[in-house]
Amino acid sequence: MSSERHAPLLIVEDDLALQKQLKWSLDRFESVTADDVSSAVLQFRRHQPAVVTMDLGLPPDRDSVSEGFKCLERLLEIDPAVKVIVLTGQNDQSNALRAVRMGAYDFLAKPVDPDVLSFTVERAYRLYELQQENRRLQMQQSSDVLGGLITRDPGMQKLCRMIEKVAPSDATVLLLGESGTGKEVLAQGLHDASKRKGRFVAINCAAIPENLLESELFGYEKGAFTGAAKTTIGKIETANGGTLMLDEIGDLPMPLQAKLLRFLQERVVERVGGRQEIPVDVRVVGATHQDLRQRISDGLFREDLYYRLAEVVIDIPPLRDRVGDAVLLCHSFAHKFAADMRQKAPTLTDEAVSAIEAHRWPGNVRELQNVMKRAVIMCEEARITAADLGLRVPAETVSATDLDLRVAREDAERQTVLKALARADGNIVRSAELLGVSRPTLYDLMNRLQIK
């Protein structure tokens, strides 16, 4: 195995003689060394190693493992994928197991057999490479028609499947949702899944002055108005054979609503100042954050146009209602913006994660994207804190134990047993019947859950 294929190996060892010996025994790998926590972190950031060997007894307190665990924690915070091999004393198995629980890859007892160490390092490199390759393949697989949408929320995933089903048809789709929820990403995904040969064209109906919007949509003939020096096709014709997204269609002026309705019915356009009807084959996707039914009631939107647009209606939930998506998106944006700046992706501290989960995100994904871009620029030591995000840390944060399935299961069992005992007024036989278990099983449960 040639060392050129790999990121360098980092050897963290304060005993310079042993450090030299380790470097010599691992000479088939390119390596860098460090002898304390600060130098280890510095070398780690500089060289971005895939594998680290480290002693737990580091200065200034060589007789304790506190510095070693601090170093391990810092390295894993910078890059959770790194493979750390901990070197421990013969009778130090408890600390070795603790290191593995924290995220270390493996441990070896001193004195270390050079062949065993070399084999363990090589195996760590291979695992690291496999995981990196797996990540790369996952990224490729996720670059499907809805690859631009990052979500694990069941509701959003169901919505994606719905879009994939609708895409092959020519049905007009109406996307409803708050600003910043990803309507254009979904519209682009719909176009990509449709396999239409033409372009995806988007126009924001609220961003263009009313007196210019008609010529933007339908185009104009030469001489149609002052400044019309040449014939220009509109966005609808530009999207011929493809998909036209009319964003913020709820803001479309009433006169243009009538002209758009005619186009949807006849599938022909007339340019401003023209008399010729031009047939256009285009898939129309409308999008708005407004309540169109309310605007119909207020006389601001045509009901017949609504029904033409709403052949398929897709309601996009706000980010605050998508379980786990805010943190997932933050991790994704951290990697994206760090890559844009050609630096290592920062990690999120526990406080930052708690702040992200607690924030309501009124601006949805757009707000989150802006917050993360600023945080990646402003953060220090490749760690994003709640202060970097500009978010308040909630008074009650979710601890690691709150996410432990065993703890959650025990809590649920305890609550259920207590409810049964309360309902049966403490009668064990009746409680066991309510729970659907035998009396000995209930006694065992009460004993395990420490219910008196």
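Val-407 has its place in helix α17, which covers residues 405-423, where helices (H or I, at least four residues) and strands (E, at least two) are DSSP runs numbered from the N terminus. With a relative accessible area of 24%, Val-407 is partly exposed; buried means under 20% relative accessible area, exposed over 50%, and partly exposed in between, with a 1.4 Å probe and protein chains only. Val-407 and Ala-224 are 183 residues apart in sequence, and their C-alpha atoms are 73 Å apart in space.

This is a predicted model, in which local features need pLDDT of at least 70 and side-chain atom pairs count only at pLDDT 80 or more, while totals for chains, interfaces and linings use all residues. Residues are numbered from 1 along each chain as its sequence is written, and side-chain values use heavy atoms, with hydrogens and water left out.

**The chain as a whole**

The secondary structure of the chain comes to 19 helices and 14 strands. The C-alpha atoms fill a box of roughly 90 × 70 × 35 Å along the principal axes, and the radius of gyration of the chain is 31 Å, whereas a compact globule of 452 residues would have one near 22 Å. This radius is taken over C-alpha atoms, and the globule rule is 2.2 Å times the number of residues to the power 0.38. Of the 452 residues, 45% are buried. Among the contacts with a separation of 6 or more, 67% come from residues 24 or more positions apart, contact meaning heavy atoms within 4.5 Å.

**Helices near the end of the sequence numbering**

Helix α18 covers residues 428-435 and contains Arg-430, which is partly exposed with a relative accessible area of 41%. The buried residues of α18 are Ile-428, Ser-431 and Ala-432. Seen down the axis of α18, these residues fall within an arc of 100°, so they line one face of the helix; the arc is that of the directions from the helix axis to the C-beta atoms. After α18 comes Gly-436, whose phi is positive, near 75°.

In helix α19 (residues 439-448), the buried residues are Leu-442, Leu-445 and Met-446. They fall within an arc of 95° when seen down the axis of α19, so they too line one face of their helix. The face turned away from this buried side carries the exposed residues Pro-440, Asp-444 and Asn-447.

Gln-19, in helix α1 (residues 16-25), is buried with a relative accessible area of 13%. Leaving aside neighbours within four places in sequence, Gln-19 is in contact with Glu-13, Thr-33, Ala-34 and Asp-35.

**Backbone angles in loops**

Most residues other than glycine have a negative phi, and most peptide bonds are trans.

| Residues joined | Omega |
|---|---|
| Pro-59 and Pro-60 | about 5° |
| Lys-110 and Pro-111 | about -10° |

Pro-60 is found in the loop between β3 (51-55) and α3 (66-78), and Pro-111 in the loop between β5 (106-109) and α5 (114-142). Gln-48, which is not a glycine, has a positive phi near 50° and lies in the loop between α2 (37-47) and β3. Arg-267 is not a glycine either, yet has a positive phi of about 60°, and is found in the loop between α10 (254-266) and β9 (268-269).
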